[in-house]
Amino acid sequence: MSKFVRLANENDADILVTLNEEFNGVGVTATEVKDSLAKNDELVALAILDGVPVGFACAQCFNSFCYRSAQGEITEIYVKDTARKLGLATLLISFLEQELRLSGIRRIKILTGRSNDAAHKTYERSNYIMKDAITFQKKLLR
């Protein structure tokens, strides 16, 4: 079994559309994915199992006067059901950590649902520490 992670590029747009649809049901187009990959500072990693893309993860870094150094955040992680429990999520996290480290990031956070026990275990295996935080979200009306 061959598994590895690499940065996604515009040639991966179609598979990212499919994987994102499985992940969150948001119907983005390949053109939107290509535009996002070209314009954003977001890192998008692709997990490959036996030559087939089976997952992705995204990370961003940001600067604020509130912090002495840039901060990193892993914003999404998805691995197809058929490819879970093979260490791919951990590989995705490790890959993004290395990429963020090369950008000078020294602290990374991950937000996830309270009841997502499988994700919690994955993050703990990657040496993340659960903090007591509550996320509030609001959808702004037009």
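**Reading helices and their neighbours**

Asp12 sits in the loop between strand S1 (3–7) and H1.

Me: I am looking at Asp12. Is Asp12 buried or exposed?

Reply: Keep in mind that this is a predicted model. Buried means under 20% relative accessible area. Asp12 has a relative accessible area of 7%, so Asp12 is buried.

Me: Which residues does Asp12 touch, leaving aside those up to four places away in sequence?

Reply: Asp12 touches Arg6, Leu7 and Leu46.

Me: Let's move on to H1. How many residues does helix H1 have, and what does it reach from its first C-alpha to its last?

Reply: Helix H1 covers residues 13–24, which is 12 residues. From first C-alpha to last, H1 reaches 16 Å, close to the 16 Å expected at 1.5 Å a residue.

Me: Which residues of H1 are buried?

Reply: Start with the general idea: an α-helix has 3.6 residues a turn, so residues three or four places apart point the same way. In H1, the buried residues are Ala13, Leu16, Val17, Leu19 and Asn20.

Me: And what covers the buried residues of H1?

Reply: The cover includes helix H2 (30–39), along with strand S2 (43–49), strand S3 (52–62) and strand S4 (71–79).

Me: What happens just after H1?

Reply: There, Gly25 takes a positive phi of about 70°.

Me: Now for pairs of helices. At what angle do H1 and H2 pack?

Reply: Angles from 65 to 115 degrees count as roughly perpendicular. H1 and H2 pack at about 110°, and their axes are 8 Å apart. That angle makes H1 roughly perpendicular to H2. On the H1 side, the contact is made by Ala13, Asp14, Leu16 and Val17, while H2 brings Ala30, Val33, Lys34 and Leu37. Sorted by class, this contact of H1 with H2 has six nonpolar, no polar and two charged residues.

Me: Where should I look for H3 and H4, and at what angle do they pack?

Reply: Look at residues 88–102 for helix H3 and residues 117–125 for helix H4. They pack at an angle of about 50°, with axes 10 Å apart. That makes H3 oblique to H4. Their crossing is right-handed.

Me: Which residues of H3 and H4 meet?

Reply: Ala89, Thr90 and Ile93 in H3 meet Thr122, Tyr123 and Arg125 in H4. By class, the contact of H3 with H4 has three nonpolar, two polar and one charged residues.

Technical notes: Residues numbered from 1 in each chain as written. Predicted model: local features only at pLDDT ≥ 70, side-chain atom pairs only at ≥ 80, totals over all residues. Heavy atoms only, no water. Helix = DSSP H or I, 4+ residues; strand = E, 2+ residues; numbered from the N terminus. Expected span 1.5 Å × (residues − 1). Buried < 20%, exposed > 50% of the residue type's maximum accessible area, 1.4 Å probe, protein only. Contact = heavy atoms within 4.5 Å. Axes fitted to C-alpha atoms, helices over the stretch in contact; angles between N-to-C directions. Parallel < 35°, antiparallel > 145°, perpendicular 65-115°, else oblique. Left-handed = near helix turned anticlockwise from the far one by under 90°. Nonpolar A, V, L, I, M, F, W, Y, C, P; charged D, E, K, R; others polar.
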